[in-house]
Amino acid sequence: LSTINNGLAHRGPDASGISHDNFVALAHRRLSIIDLSSEANQPMVCDTGSINIVFNGEIYNFSEIRKELEKDFSFRTDHSDTETIIFAYKKWGIDAIKRFRGMFSIAIYDREMERVYLMRDRLGKKPLYYCSAGDKIWFASEIYPILNAKVIDKRINDEAIYHYLSLFTINAPNTFFKGVYKLEAGHYLCIDRSGMKDM
């Protein structure tokens, strides 16, 4: 996992982190923008250890969301939008994403429910790719970490090539590679022991 994560060093040169248990492993490369302190490093775990998150992007309205949440939660960072996402999820569940204004791809691991949510902003500014291989689901902000994990055969998606040559674009969930998908803008995936659902 660390080798795959290091393959994304160009996306986040400021910090690197990995967390895992028997159900989920999360890795992150950080580009520090809003909160430069190490307290805002990822994967970030909430105060009780029940919520774990990796997040790419910016939540533009996180300050106003945080003010609302400060009545119920004690923040350890000065102004981390990542921590705001965690507490927003703790208060409102998956409906928290309806409050976020920004560009983002987010993975939230709810340990108590043994459930992972993958979510993407409404305009699709931040990409999120995923694939299912055996009994595991892999995801990343780029395709190549998934391919470099060698969990699936690298095969060209002929239909995607056709669309690209015809329309100069490939509509999600298709990608250039068979078996690798792009989460659609404004969608989220729910992953648990029963499988994966696109919402």
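Residues are called buried under 20% relative accessible area, exposed over 50%, and partly exposed in between. The model treated here is predicted.

**Exercise 1.** Determine where Asn157 is placed, whether Asn157 is buried or exposed, and which residues Asn157 touches.

*Solution.* 
1. Asn157 belongs to the loop that runs between α4 (144-148) and α5 (158-167).
2. Its relative accessibility is 11%, so Asn157 counts as buried.
3. The side chain of Asn157 comes to 3.2 Å from the backbone nitrogen of Glu159.
4. Leaving aside residues up to four places away in sequence, Asn157 is in contact with Asn174, Thr175, Phe176, Phe177 and Lys178.

**Exercise 2.** Describe the second largest pocket by volume, lining residues and class of lining.

*Solution.* 
1. The volume of the second largest pocket is about 160 Å³.
2. Its lining consists of Tyr129, Ile143, Tyr144, Ile170, Asn174, Thr175, Phe176, Phe177 and Lys182.
3. Sorted by class, the lining comprises six nonpolar, two polar and one charged residues.
4. Among the lining residues are Asn174, Thr175, Phe176 and Phe177, which Asn157 also touches.

**Exercise 3.** Classify the ring pair of Tyr144 and Phe177, and state which parts of the chain the pair links.

*Solution.* 
1. A pair of aromatic rings is described by the distance of the centres and the angle of the planes.
2. Nine aromatic pairs are present in the structure.
3. For Tyr144 and Phe177 the ring centres are 6.4 Å apart and the planes stand at 75 degrees; because planes over 60 degrees apart count as edge-to-face, this pair is edge-to-face.
4. This pair links distant parts of the chain, 33 residues apart: Tyr144 is in helix α4, and Phe177 is in the loop between α5 and β9 (181-182).
5. Tyr144 has 48% relative accessibility and therefore counts as partly exposed, whereas Phe177, at 10%, counts as buried.

**Exercise 4.** Carry out the analysis for Tyr164 and Phe176.

*Solution.* 
1. The rings of Tyr164 and Phe176 lie 5.5 Å centre to centre with 65 degrees between the planes, an edge-to-face aromatic pair.
2. Since Tyr164 lies in helix α5 and Phe176 in the loop between α5 and β9, the pair ties together parts 12 residues apart in sequence.
3. Tyr164 has a relative accessible area of 38% and is partly exposed.

Conventions:
Residues numbered from 1 in each chain as written. Predicted model: local features only at pLDDT ≥ 70, side-chain atom pairs only at ≥ 80, totals over all residues. Heavy atoms only, no water. Helix = DSSP H or I, 4+ residues; strand = E, 2+ residues; numbered from the N terminus. Buried < 20%, exposed > 50% of the residue type's maximum accessible area, 1.4 Å probe, protein only. Polar contact = N/O pair within 3.5 Å; in protein donor to acceptor, adjacent residues only side chain to side chain. Contact = heavy atoms within 4.5 Å. 1 Å grid on protein atoms, 1.4 Å probe; cavity = no way out; pocket = protein on both sides within 12 Å on 5 of 7 lines; lining within 4 Å. Points joined across faces, edges and corners; volume = space filled by probe spheres on them. Nonpolar A, V, L, I, M, F, W, Y, C, P; charged D, E, K, R; others polar. Phe/Tyr/Trp six-rings, centres within 6.5 Å; stacked < 30°, edge-to-face > 60°.
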